[in-house]
Amino acid sequence: MFKELFKKKTLSDRLKGEAISLGLCQQWQGEWRDNSTRDELAEKFIRGIDFATKHNWPSPEFIKKNFEPEFRRRWGVYIDEEVAITSQQTEPSVLVFLGKNEGTLEFGGFDSKDIYVRHQGKLRIVAAGKSIVRVTTYDDVEIDAEAIDDARIFIYHHGGKVRMSGRVAYREREQAQG
């Protein structure tokens, strides 16, 4: 057990040091406990997704090496996977796709999702019912977004190709670094 605690602390310290070197603000530095658990690290990644995306940090390879697929999926993080997500599944409200993901995401009812897609992801996103889906794209992704019924999809485009049909709003953004 001591060895496991030491390993977690080392992972937390390493990530904190890297984040500081990338310009992590003083507030987040002060809030970052030195012995953050893996769940706390995952929560930091999701809460700080704008910082993580801006710096392409931590890398998909680092995340894959240090967080097993089941753990990542529980937090809504997918790396180099075939995905098929439907509104019947219990998913977090924020989904992050890194690397070469491919698949279909289907939402309905009153679902509300924030989706971030980087690198070479190829996703078909279908929103139905009264669902609202916000999709932020980067790099060389390919997104096919379809909104049907009273659903809305909002695309925040930093990079990649987007095909749209239905009630889809599109906003061009500055390309992320990294």
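Modeller: A term is needed before the description begins: a patch is made of residues with over 30% relative accessible area and no salt bridge, and like charges are joined into it within 9 Å. The model under discussion is predicted. On its surface, Lys100, Lys122, Lys161 and Arg163 gather in a patch of positive charge. One of these residues, Lys100, is placed in the loop between β3 (94–98) and β4 (102–107). Because exposed means over 50% relative accessible area, Lys100, at 56% relative accessibility, counts as exposed.

The structure holds 13 salt bridges, a salt bridge being a side-chain nitrogen of Lys or Arg within 4 Å of a carboxyl oxygen of Asp or Glu.

A pair within a helix may be considered to begin with. Arg14 and Glu18 form a salt bridge in which the closest N and O atoms are 3.2 Å apart. These two residues are four residues apart in helix α1 (residues 2–21), and so they are separated by about one helical turn. Arg14 is partly exposed, its relative accessible area being 45%. Glu18 also counts as partly exposed, at 24% relative accessibility.

The next pair involves two strands. Asp114 and Arg134 bring their side chains together in a salt bridge, with a distance of 2.5 Å from N to O. This pair links distant parts of the chain, for Asp114 is in strand β5 (residues 112–117) and Arg134 is in strand β7 (residues 132–137), 20 residues apart. Asp114 counts as partly exposed at 22% relative accessibility, and Arg134 is partly exposed with a relative accessible area of 23%.

A further pair is found in loops. Asp150 and Lys130 form a salt bridge whose closest N and O atoms are 3.0 Å apart. Asp150 lies in the loop between β8 (142–147) and β9 (152–157), while Lys130 lies in the loop between β6 (122–127) and β7; the pair therefore ties together parts that are 20 residues apart in sequence. Asp150 counts as partly exposed, at 44% relative accessibility, and Lys130 counts as partly exposed, at 45%.

Finally, salt bridges may share partners, and in this way Arg124, Asp144 and Glu146 are joined into one network.

Technical notes:
Residues are numbered from 1 along each chain as its sequence is written. This is a predicted model: local features need pLDDT of at least 70, side-chain atom pairs count only at pLDDT 80 or more; totals for chains, interfaces and linings use all residues. Side-chain values use heavy atoms; hydrogens and water are left out. Patches are made of residues with over 30% relative accessible area and no salt bridge: like charges are joined within 9 Å, nonpolar side chains (Val, Leu, Ile, Met, Phe, Trp, Tyr) within 5 Å. Accessible areas come from the Shrake-Rupley method with a 1.4 Å probe; for residues, only the protein chains shown count as cover. Lys and Arg count as positive and Asp and Glu as negative; His and the chain ends are not counted. The place of a charge is taken as NZ of Lys, CZ of Arg, CG of Asp or CD of Glu. Buried means under 20% relative accessible area, exposed over 50%, partly exposed in between (1.4 Å probe, protein chains only).
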